[in-house]
Amino acid sequence: MTTTGIAITGSGSAVPSLSLDNHGLSQLVETSDDWITSRTGIRRRHLASPEVTLGQVAAEASLQAIAMAGLDPGDLDLIILATSTADDLFGSASQIQARIGATRAVAFDLTAACSGFVFGLVTAGQFIRTGVYQNVLLVGADILSRWVDWSDRRTCILFGDGAGAVVLQGSDRDRLLGFELKSDGSQNSSLNLAYQPEPKTLTPDVTIGQGRFHPITMNGQDIYRFAVKKVPEVVEKALFRADRTADQVDWLILHQANQRILDAVAGRLKIPPEKVISNLAEYGNTSAASVPLALDEAVRSGKVRSGDTIATAGFGAGLTWGAAIFEWGR
Ligand code: ACO
């Protein structure tokens with residue numbers, strides 16, 4: 001079988017206009033700007049007001065990415081939406097397809113929490129690699145503010161809302177150089193947003209479970225230890241598969257969970273701080289949106305240039321984690 005190369009040719013991002021800084025948050029729970037900033041690097045987060053939908057924010061990011069790639073929405077073959085917070089549990093990718101007018105594209109959701117963008121990048125790449133599709137839109141978007149317990153100071157300080165998108169295209173030159181993906185469901189209880197059924201009797205013989213999803217629960221220290229150990233390992237494996245070394249990486253774009261995690265992972269990989277992209281201070285942890293949001297800002301500010309080698313990694317609930325090495329641009 002002949003295989004096709006993959007190029008990442010466009011990016012876009014969008015966040016809700018509403019924001020809440022750490023001082024505002026300290027009116028809600030017992031915390032302080034100093035505690036949050038020193039432990040996480042986060043200073044504010046953007047939050048969706050009630051009328052904002054995931055589809056709206058995702059579509060805004062998508063249209064930017066499509067324009068940067070020089071395509072029209074009608075050129076898209078496939079749309080993958082990485083999210084854990086769909087507007088509709090049946091999936092929200094089709095709503096993006098309709099909203100942006102990508103009439104030819106098939107669309108589906110992919111759920112892998114904060115690893116969703118990296119898992120989506122690899123999934124999208126396979127459709128191009130096999131020659132099935134030529135133009136793919138990958139969106140990472142989450143509105144976690146709808147699922148956070150705003151009375152729990154251990155978690156509510158961390159999360160924000162947003163969307164990021166990239167366009168992947170078939171190319172003579174292969175720019176997706178290597179990847180590695182991992183899951184470990186045995187540690188699922190460290191971080192989840194779980195459905196909790198309550199018995200509902202339909203007839204004397206038939207009882208089903210009908211309940212609701214409960215807000216995010218997290219063992220912060222477990223997740224911290226997991227990330228600092230597993231993320232450097234998975235980046236190294238992806239680098240090995242890409243036939244690259246850490247000193248050949250121009251930019252490290254990790255899932256924006258916590259500045260301390262970014263610093264520790266970069267330290268273990270011996271990648272200097274000036275190569276580490278961070279926008280945590282402004283957005284907090286936006287889950288599946290965080291990597292493409294950081295990438296898009298770095299591209300638009302002129303930091304990331306065509307041909308630069310990027311190491312990216314996602315990690316989070318599942319547990320899931322994964323890394324991909326790619327060169328930006330055509
Ligand atoms: N303000 C003030 N005090 C706080 C706050 C807060 N917001 N949160 C916790 N504390 C207190 C605790 O009550 C505790 O007090 P105690 O000793 O009197 O009981 C003390 O601070 C220490 O609490 P820890 O939970 O041990 O705090 P830690 O230093 O571990 O920092 C943090 C917490 C920032 C959450 C850290 O564990 C972390 O970053 N973990 C990684 C979490 C993460 O990145 N998750 C997302 C990744 S996956 C995904 O993206 C979905």
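This is a predicted model: local features need pLDDT of at least 70, side-chain atom pairs count only at pLDDT 80 or more; totals for chains, interfaces and linings use all residues.
## Salt bridges at a glance

There are 13 salt bridges in the structure. Three of them get a closer look here: R154 with D152, R173 with E327, and K229 with E233.

## R154 and D152

Let's start with R154, which pairs up with D152; their closest N and O atoms sit 3.3 Å apart. D152 comes in at 13%, under 20%, so D152 counts as buried.

## R173 and E327

Next up is the bridge between the side chains of R173 and E327, with an N to O distance of 3.5 Å. This one ties together distant parts of the chain, as the two residues are 154 residues apart. R173 lies in the loop between β7 (161-171) and β8 (176-183), while E327 belongs to strand β17 (residues 320-327).

The two ends also have their own surroundings to report. R173 has a relative accessible area of 49%, which makes it partly exposed. E327 is buried, at 6% relative accessibility.

Some salt bridges share partners, and that joins R173, R175, R244 and E327 into one network. So what about the R173 and E327 bridge described above? Both of its residues are members of that network.

## Helix α3

Now for a helix. α3 covers residues 54-68, 15 residues in total, and reaches 22 Å from its first C-alpha to its last. That is close to the 21 Å expected at 1.5 Å a residue.

Which residues of α3 are buried? They are L54, G55, V57, A58, A59, A61, S62, A65 and I66. As for what these buried residues pack against, the list takes in strands β1 (5-14), β4 (78-82), β6 (135-143) and β7, along with helix α4 (93-100). Just after α3 comes G70, with a positive phi of about 75 degrees.

Definitions and conventions: Residues are numbered from 1 along each chain as its sequence is written. Side-chain values use heavy atoms; hydrogens and water are left out. A salt bridge is a side-chain nitrogen of Lys or Arg within 4 Å of a carboxyl oxygen of Asp or Glu. Buried means under 20% relative accessible area, exposed over 50%, partly exposed in between (1.4 Å probe, protein chains only). Helices (H or I, at least four residues) and strands (E, at least two) are DSSP runs, numbered from the N terminus. The expected span of a helix is 1.5 Å times one less than its number of residues. Contact means heavy atoms within 4.5 Å.
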